[in-house]
Amino acid sequence: MKATLRWFGPVDDSVSLAQIRQIPNVVGVVSALQEIPVGDIWPLEAIEERKRLVEASGLKLLGIESVNIHEEIKLKGAPTQKLIENYKECIKNLSKAGIDTICYNFMPIFDWARSDLAKDLPDGSNVLSYDKDLIEGKTPEQMFDEITSSSKGYSLPGWEPEKLPVLKNLFSRYKGVTEDDLFENLRNFLSQIIPIAEEYNVKMAIHPDDPPWGIFGLPRITSTEAHLEKILSLVDSPNHGLTFCTGSLGAREDNDLPKMIRKFGDRIHFMHIRNVKIHEPGKFDEASHLSSDGNVDMYQVVKALHDIKFEGIFRPDHGRMVWGEVARPGYGLYDRAMGVTYLNGLWEAINKENSK
Ligand code: DNO
């Protein structure tokens with residue numbers, strides 16, 4: 001498997017490509033043009049420019065995280081068809097620039113959600129954390145305000161400020177939208193874009209819900225093994241696969257991650273690997289990557305990946321803020337570098353054990 005880090009580009013990341021280049025075995029980054037409004041076509045020149053920048057550092061641009069899906073597509077509103085055509089153009093342009101993996105999600109309104117972006121831990125580090133009681137006590141607007149105002153000035157993909165003024169309207173439009181409706185809207189999207197992904201040799205990789213349960217009464221369809229199985233069956237194509245995020249899925253104890261990895265096998269195109277410490281259902285902190293710091297058994301996760309001969313890209317996912325680092329919540333350098341190094345160690349050990 002190929003190790004990458006997520007990199008938010010030259011003006012919106014505290015971590016440089018030169019720093020990433022020095023982490024052992026990290027061969028590339030995944031990135032995005034988050035300055036382009038959701039729903040617009042990504043111009044080929046802008047993609048190539050980002051690629052040139054990455055390659056000049058000695059790294060490769062190994063995937064896009066994310067080309068976000070416009071809310072109208074999820075709602076199958078009037079402009080859906082035009083927006084799907086735009087999405088197809090993005091796929092084509094990314095393919096022309098040599099990109100073969102695209103991550104996206106189909107979560108209504110909010111991407112990931114947390115009740116605290118910097119919860120202090122006893123060891124002096126801080127982490128992103130989720131407490132359903134705190135979330136349920138807020139209005140969506142309050143949560144939106146709190147999250148965007150704790151971003152330390154960095155953009156938070158999925159939390160674009162232009163969403164705030166239309167939040168109420170979006171919520172009213174999701175009233176009555178069931179999980180089945182959302183599955184159908186996803187099917188409508190996939191049935192049109194996967195043929196293009198096939199033609200252009202691009203692997204589409206849907207990211208799970210984070211947290212993996214409904215929030216504010218919105219439908220969620222990417223939280224469990226059964227959900228992912230259903231999603232994969234919507235369109236039967238190797239180009240329609242998963243971003244398997246152990247931190248998102250792992251916040252539910254009924255998700256057996258190693259079993260799911262073995263089951264979904266070569267439909268997994270991208271791995272996000274991180275740990276979570278579950279306090280009780282609906283309450284968790286993000287943790288260091290180490291198995292004993294959380295509920296995800298990293299050895300079993302990496303072993304399952306080894307068993308399926310996973311050759312796709314992976315990235316250590318969110319890290320804690322340690323050593324006084326100031327960075328976008330979840331995306332500092334130090335803890336992610338420790339995380340990926342630990343994962344490389346597990347992979348090496350399992351690999352050597354198996355080749356005896
Ligand atoms: C959080 C990320 C997600 C992910 C999107 C994929 O930090 O893992 O925001 O990028 O859900 O579209």
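**Figure 1. Packing of helix 6 in the predicted model.** The buried residues of helix 6 pack against strand 5 (116-120), helix 5 (132-136) and helix 7 (167-174). Helices (H or I, at least four residues) and strands (E, at least two) are DSSP runs, numbered from the N terminus. Contact requires that the C-beta atoms of two residues, placed from the backbone, lie within 7 Å. This is a predicted model, in which local features need pLDDT of at least 70 and side-chain atom pairs count only at pLDDT 80 or more, whereas totals for chains, interfaces and linings use all residues. Residues are numbered from 1 along each chain as its sequence is written.

Figure 2. Within helix 6 (residues 140-149), the buried residues are Pro140, Met143 and Ile147. They cover an arc of only 60° around the axis, which puts them on the same side of helix 6; the arc is that of the directions from the helix axis to the C-beta atoms. An α-helix has 3.6 residues a turn, so residues three or four places apart point the same way. Exposed residues Gln142 and Ser149 are carried on the face turned away from the buried side of helix 6. A residue is buried if 20 or more other C-beta atoms lie within 10 Å of its own, exposed if 12 or fewer, and partly exposed in between, with C-beta atoms placed from the backbone.

**Figure 3. Surroundings of the ligand.** The ligand is surrounded by 13 residues, of which Ser66, Asn105, Asp111, Trp112 and His207 are the closest.

**Figure 4. Cis peptide bonds.** The bond from Glu65 to Ser66 is cis, with omega near -5°. Ser66 is located in the loop between strand 3 (60-65) and helix 3 (71-75), and is also among the residues closest to the ligand. Asp210 and Pro211 are likewise joined by a cis peptide bond, with omega about 5°. Pro211 belongs to the loop between strand 7 (203-207) and helix 9 (225-234).

**Figure 5. Lysines with positive phi.** Lys76, although not a glycine, has a positive phi of about 50°. Lys76 occupies the loop between helix 3 and helix 4 (80-96) and counts as partly exposed, with 16 C-beta neighbours inside 10 Å. Lys152 has a positive phi of about 55° and lies in the loop between helix 6 and helix 7. With 14 other C-beta atoms within 10 Å, Lys152 is partly exposed.

Note on methods. A residue is near a molecule or strand if its C-beta atom, placed from the backbone, lies within 6 Å of it.
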